[in-house]
Amino acid sequence: MKKVNVNLNSYPYSILIGRGIFSNLQEIINENKLHKNIFCLIDKSVYSIYKKDLEKVFTPPPGKFNFLTIDAKEGNKSLSTLKKIYTSLVVSNYGRDSLLIAIGGGIIGDVGGFAAATYTRGIRYIQIPSTLLSAVDSSVGGKTGINFGSTKNIVGSFYQPNLVIIDINFLSTLPKREIISGVGEILKYAFLIKGDYFEYFEKNLDKLISLDENVLTKIITESVEYKAAVVVKDEKEESGIRKILNLGHTFAHAIEVEHGHRLKHGETVIIGLACSLYLSNKLNLLKETELTEGIDLIKKLSSNIKIKKMDYKKILELMKRDKKSKDEVYKFVLLNGFGKVLIDVEAENNDVLWALKQGVKLFS
Ligand SMILES: NC(=O)c1ccc[n+]([C@@H]2O[C@H](COP(=O)([O-])OP(=O)(O)OC[C@H]3O[C@@H](n4cnc5c(N)ncnc54)[C@H](O)[C@@H]3O)[C@@H](O)[C@H]2O)c1
């Protein structure tokens, strides 16, 4: 089992990575001296696939035990889901000595984390990511929240988990589309980290997609190590350092909304990364050779992503309204070279539109 420590001053915690470690959940809870009154929030599909394993792990439960299954749809990252969670907690008399365990992908993790952050002003919680995307990204870093109206993640809080347990066994039942979506965030790290990580990713992309255990473990471990190091430097995205993790995301969020959430988050991140590379090059930040290398890598993934015709005008509007662009101008995280990130780069309408069209073209 691998262990990565997130050394936050206020709230240090560990990320455990391994195959089959979920079966030791009760021991892990004991070792970490966490509360024994457990409320579990479980992705409905994960529950139906892993029902027997879940029952085994929680039988007998260490204390009070209840669970709620949630259909992992973007529309369920909502106030009404929160209401269901709070109601279940209140009805079963859960107090501050409770432990919420979120088992699922980013949807369950985000809404579960926000419920933990707010119920009785904060209860302990464990993230158990069951998708590749949540393993390498959303389960780490403490961003929790829900969507409101048509705006993604607009209500939420920074609230760190007490533990993240990544059992790669869960990933074996992921549909290919979900694997590619997770690869989207890994591709982002490849551009951010450069060097050995980039080369390993480039060389082992096929093995990663086929969930080779060694490749998966190495990539997940190094991804969370990187993310943890960034989060420790800027837990609440105040100094700007953490913004680098939004590479590709201004385009991605707008495309996700424009497509009515029919594309997966990580799929739009791949498209957004392509657009960001083109924009970085257009603004004379990224060399032609790096643009070509990056786009060649993206082309290896593009046939997996199906997009419908895009409403470019709407995407541009959405990007201006992105919560990361407070001043109603386009602001991007761009690359000044692989591994060299710039934040809050302003860009003109024509250049943004050009980069958007070039990026999208790869997927048409
Ligand atoms: N908090 C953060 O820092 C952060 C970062 C990135 C993304 N996100 C959020 O994460 C969400 C996307 O999360 P996601 O891509 O992890 O997935 P998801 O939660 O949307 O789940 C994707 C699909 O996979 C299914 N699934 C989950 N685990 C499975 C398994 N083991 N086997 C088979 N099927 C399984 C789910 O039922 C669902 O149909 C978005 O809402 C996004 O905004 C949050």
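Contact here means heavy atoms within 4.5 Å. This is a predicted model, in which local features need pLDDT of at least 70 and side-chain atom pairs count only at pLDDT 80 or more, while totals for chains, interfaces and linings use all residues. Residues are numbered from 1 along each chain as its sequence is written, and side-chain values use heavy atoms, with hydrogens and water left out. Helices (H or I, at least four residues) and strands (E, at least two) are DSSP runs, numbered from the N terminus.

**Domains**

- The domain assignment, automatic or taken from a database, divides the protein chain into domain 1 (2-173) and domain 2 (178-210 + 247-361).
- Taken over C-alpha atoms, the centres of domain 1 and domain 2 are separated by 29 Å.
- Domain 1 contributes 9 residues to the contact and domain 2 contributes 15 residues.
- Between the two domains about 1,100 Å² is buried, with 67% of this area given by carbon and sulfur atoms; buried area is the accessible area (1.4 Å probe) that two parts lose on being put together, summed over both.
- On the domain 1 side, L132, L133 and K152 lose the most area to domain 2, together 48% of what that side buries.

**Packing of α10 and α13**

- Helix α10 (residues 265-282) packs against α13 at an angle of about 135°, and their axes are 8 Å apart. Axes are lines fitted to C-alpha atoms, for helices over the stretch in contact, and angles run from 0 to 180 degrees between N-to-C directions.
- The two helices α10 and α13 are therefore oblique to each other; angles under 35 degrees count as roughly parallel, over 145 as roughly antiparallel, 65 to 115 as roughly perpendicular and the rest as oblique.
- α10 and α13 make a right-handed crossing. A crossing is right-handed if the near helix is turned clockwise from the far one by less than a right angle, and left-handed if anticlockwise.
- From α10, I271, A274, C275, Y278, L279 and K282 meet D351, V352, W354, A355, L356, Q358, G359 and V360 of α13.
- The contact of α10 with α13 comprises 10 nonpolar, 2 polar and 2 charged residues, where Ala, Val, Leu, Ile, Met, Phe, Trp, Tyr, Cys and Pro count as nonpolar, Asp, Glu, Lys and Arg as charged, and the others, Gly among them, as polar.

**Packing of α12 and α13**

- Helix α12 (residues 312-321) and helix α13 (residues 349-361) cross at roughly 120°, and their axes come within 11 Å.
- That angle makes α12 oblique to α13.
- The crossing of α12 and α13 is right-handed.
- Y312, I315, L316 and M319 of α12 meet N349, V352, L353, L356, K357 and V360 of α13.
- This contact of α12 with α13 has 8 nonpolar, 1 polar and 1 charged residues.

**Packing of α6 and α7**

- An angle of about 165° relates helix α6 (residues 176-193) to helix α7 (residues 195-209), with the axes 9 Å apart.
- That makes α6 roughly antiparallel to α7.
- The crossing of α6 past α7 is left-handed.
- Contact residues include I179, V183 and F191 of α6, together with Y197, F201 and L205 of α7.
- The residues of this α6 and α7 contact divide into 15 nonpolar, 1 polar and 1 charged.

**Backbone features in loops**

- Most residues other than glycine have a negative phi, and most peptide bonds are trans.
- T59 and P60 are joined by a cis peptide bond, with omega about -10°; P60 is found in the loop between α2 (44-57) and β4 (65-70).
- L211, a residue other than glycine, has a positive phi near 60°, and is placed in the loop between α7 and α8 (213-233).
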